[in-house]
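The paragraphs below walk through one protein chain, from its overall dimensions to a few single residues. Keep the structure open while reading.

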Amino acid sequence: MWFGIIALFPELFDSLACGVTGRGLKKGLVTVETWNPRSFTLDKHRTVDDKPYGGGPGMVMMAQPLAEALEAARKAAPQRPTVVYLSPQGKRFDQKAAEGFLEKKAVILLAGRYEGIDERILEADIDEEWSIGDYVLSGGELAAMVVIDAVSRLVPGVVKEEDSVSQDSLSSGLLKYPQYTRPEEYKNKKVPDVLLSGNHRVIEDWRLKQSLGKTWLKRPDLLKKMQLNKYQQQLLQEFKDENEF
Ligand code: ADE
């Protein structure tokens, strides 16, 4: 998976060297290359932004440095890249979107700063616009890092146990079941007996029931998007009965 980044603060991406993303980078399964639009400016002040035509607050990122940074990134891409702009105006990024990115293999992420970018770049160069949520960040860098993190852990070989990715929260559309580790009893609270039973079929059923129940309680919006089969409906009903809902 190749990511080309266009950003005014490329050093922010250094923190991808930690943890799971770092593993992907070290193993060469994920590549992140950055281009700073400031390096493509033509004036001695290396100006990347200017006042918006028509007036109004804030500054807008100028087209020319962005266009040239994008061109450099395109040339370096191992295959035809999808060019993505991160902004609060984009489609909402979620687990399904992360899976979609994985298929693309080469993605350029353009992180904006200030009030936005010149519309002509959006029209000419941007294939897709994505948002990581309904709030305004001071720049697209963190959003780009969220995308890189969520996609990288899906690249085969990046996460140690492949299973743990398919059992992630949301990969099935449901929230994750409750998890416990040693000791068996902590502050008078015991690990549910079923998890100590060694019966994998029963454990699997219990986990699915908990996932359904938790999703019903915490994220009913996710459950509404799903078509539960008869068995899942039965497990959810059992969860409601057992917990007196
Ligand atoms: N840039 C600023 N806010 C953002 C958001 N919520 N998502 C993606 N990019 C952004």
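The radius of gyration used here is taken over C-alpha atoms, and the globule rule is 2.2 Å times the number of residues to the power 0.38. This is a predicted model. For a compact globule of 245 residues the rule gives a radius of gyration near 18 Å, but the chain has 23 Å. Taken along the principal axes, the box filled by the C-alpha atoms is roughly 70 × 40 × 35 Å.

The chain contains nine helices and nine strands. Of the contacts with a separation of 6 or more, 75% join residues 24 or more positions apart. Buried residues make up 42% of the 245 residues.

Next comes the interior. In soluble globular proteins, nonpolar side chains tend to be buried together. Which residues of the largest nonpolar core touch the most other members? This core has 31 residues, and the ones in question are Phe3, Phe13, Leu86, Phe93, Phe101, Leu109 and Val151. At least two core residues come from each of strand E1 (2–6), strand E5 (82–92), helix H3 (95–104), strand E6 (106–111) and helix H5 (141–152). The largest share, seven residues, is supplied by H5. Apart from this core lies another, of 21 residues, which includes Leu70, Ala73, Ile108 and Ile117.

Not counting residues up to four places away in sequence, Phe93 touches Ala98, Phe101, Trp130, Ser131, Ile132, Val147, Ala150 and Val151. Among these partners, Phe101 and Val151 are themselves on the list of core residues that touch the most other members.

Now turn to Leu122, which is placed in helix H4 (residues 119–125). Is Leu122 buried or exposed? Leu122 counts as buried because its relative accessibility is 18%, and the cut-off for buried is under 20%. Leaving aside neighbours within four places in sequence, Leu122 is in contact with Tyr85, Ile117 and Glu129. Of these, Ile117 is one of the residues of the 21-residue core. Between Leu122 and Gln95 there are 25 Å in space, C-alpha to C-alpha, and the two are 27 residues apart in sequence.

Some details of the backbone remain. Most residues other than glycine have a negative phi, and most peptide bonds are trans. Where does the chain have a cis peptide bond? Such a bond joins Arg182 and Pro183, with omega about 5 degrees. Pro183 is found in the loop between helix H6 (162–166) and strand E8 (185–186).

Tyr114 is not a glycine, yet its phi is positive, about 60 degrees. The loop between E6 and H4 holds Tyr114. With a relative accessible area of 38%, Tyr114 is partly exposed, because that value falls between the cut-offs of 20% and 50%. Lys187, also a residue other than glycine, has a positive phi near 45 degrees. Its loop runs between E8 and strand E9 (189–190). Lys187 counts as exposed because its relative accessibility is 68%, and exposed means over 50%.

Technical notes: Residues numbered from 1 in each chain as written. Predicted model: local features only at pLDDT ≥ 70, side-chain atom pairs only at ≥ 80, totals over all residues. Heavy atoms only, no water. Core = buried A, V, L, I, M, F, W, Y, C linked by side-chain atoms within 4.5 Å. Buried < 20%, exposed > 50% of the residue type's maximum accessible area, 1.4 Å probe, protein only. Helix = DSSP H or I, 4+ residues; strand = E, 2+ residues; numbered from the N terminus. Contact = heavy atoms within 4.5 Å.
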